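Please look through the model shown below before reading on. The report that follows takes up a few of its parts in turn.

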Amino acid sequence: FMGAELAPERDWAHEATLTGSDTDASDRFGSSVSLYGDVIVAGSPLDDVDGAQNSGSVYVFYDEGVGAWGEVDHLRPPVPSADVNFGSSVALVDVGLIFVSEPWTADGGQVHEYALRDGSFYLVSSFRPHASADRTWRFGESIAATINFWTDDRIVEIPHRQPLVSV
């Protein structure tokens with residue numbers, strides 16, 4: 001690559017510091033982040049939810065212009081449980097489609113799909129590994145997702161060897 005320019009030159013400047021509405025230093029806010037257009041999704045996998053320690057949560061921010069980002073939603077696990085780390089990995093596919101991992105569930109982990117409807121995100125479906133999985137599988141610990149706009153198919157890559165089962 002000698003003499004080649006790999007990326008265009010940019011003058012980077014700090015635009016904003018994002019914080020969730022109820023985060024604290026131990027929540028690991030921002031340990032997973034995904035950006036699409038004017039939307040940022042940030043995981044907070046050690047957030048305590050409804051008394052469940054380290055249940056986890058995800059914050060959704062929208063660029064309101066001129067460096068102002070506003071929190072527009074705060075997603076929580078479908079069933080808050082201790083130490084499941086919801087939000088360990090996030091994938092924002094479109095302005096209105098988010099995939100969130102919950103890798104430490106008793107049944108081997110889950111990945112949840114949320115869709116935007118009427119200004120809020122709602123759970124659409126959940127995926128988990130084969131029924132014989134246990135907590136050590138950490139299914140969904142790392143996820144990537146995209147959408148085929150021609151067919152509206154969602155393509156989610158969840159590195160693991162076992163088949164998926166929709167729940």
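## Strand 1 and serine 32

Strands here are DSSP runs of at least two residues marked E, and they are numbered from the N terminus. The model is a predicted one, and in this model serine 32 belongs to strand 1, which covers residues 32-36. With a relative accessible area of 8%, serine 32 is buried, because buried means under 20% relative accessible area. Apart from residues up to four places away in sequence, serine 32 touches Val41, Ala42, Gly43, Gly87, Ser88, Ser89 and Val90.

In soluble globular proteins, nonpolar side chains tend to be buried together. The largest nonpolar core of this model has 12 residues in all, among them Val41, Val58, Leu75, Phe86, Val90 and Val100. Two or more residues of this core come from each of strand 2 (39-44), strand 3 (57-63), strand 5 (90-94) and strand 6 (97-102).

Valine 58, a member of this core, is in contact with residues including Val41, Leu75, Phe86, Val90 and Val100, once its neighbours within four places in sequence are left aside. There is also a second, separate core of 8 residues, which includes Ala91, Val93, Phe99 and Ile147.

## Strands 6, 7 and 8

Strand 6 and strand 7 (residues 110-117) run antiparallel and are joined by 6 bridges, and glutamate 102 stands opposite glutamine 110 of strand 7. Strand 7 is also joined to strand 8 (residues 120-128), again in an antiparallel arrangement, by 7 bridges.

In the hairpin of strand 7 and strand 8 there are 2 residues between the strands, and aspartate 118 takes a positive phi near 55 degrees there. Arginine 117 has serine 120 in strand 8 as its bridge partner, and arginine 117 also lies over the face of tyrosine 122, at 4.5 Å from the ring centre.

## The aromatic cluster

How many aromatic pairs does a search of the whole structure find? The search finds 3.

Phenylalanine 29 is partly exposed at 25% relative accessibility, whereas tyrosine 59 is buried, with a relative accessible area of 0%. Phenylalanine 29 also forms an edge-to-face pair with phenylalanine 61, at 6.2 Å centre to centre and with 80 degrees between the planes. Phenylalanine 61 counts as buried at 2% relative accessibility, and Phe29, Tyr59 and Phe61 form one aromatic cluster.

Notes. Residues numbered from 1 in each chain as written. Predicted model: local features only at pLDDT ≥ 70, side-chain atom pairs only at ≥ 80, totals over all residues. Heavy atoms only, no water. Helix = DSSP H or I, 4+ residues; strand = E, 2+ residues; numbered from the N terminus. Buried < 20%, exposed > 50% of the residue type's maximum accessible area, 1.4 Å probe, protein only. Contact = heavy atoms within 4.5 Å. Core = buried A, V, L, I, M, F, W, Y, C linked by side-chain atoms within 4.5 Å. Pairing = 2+ DSSP bridges. Phe/Tyr/Trp six-rings, centres within 6.5 Å; stacked < 30°, edge-to-face > 60°. Lys NZ or Arg CZ within 6 Å of the ring centre and 35° of its normal.
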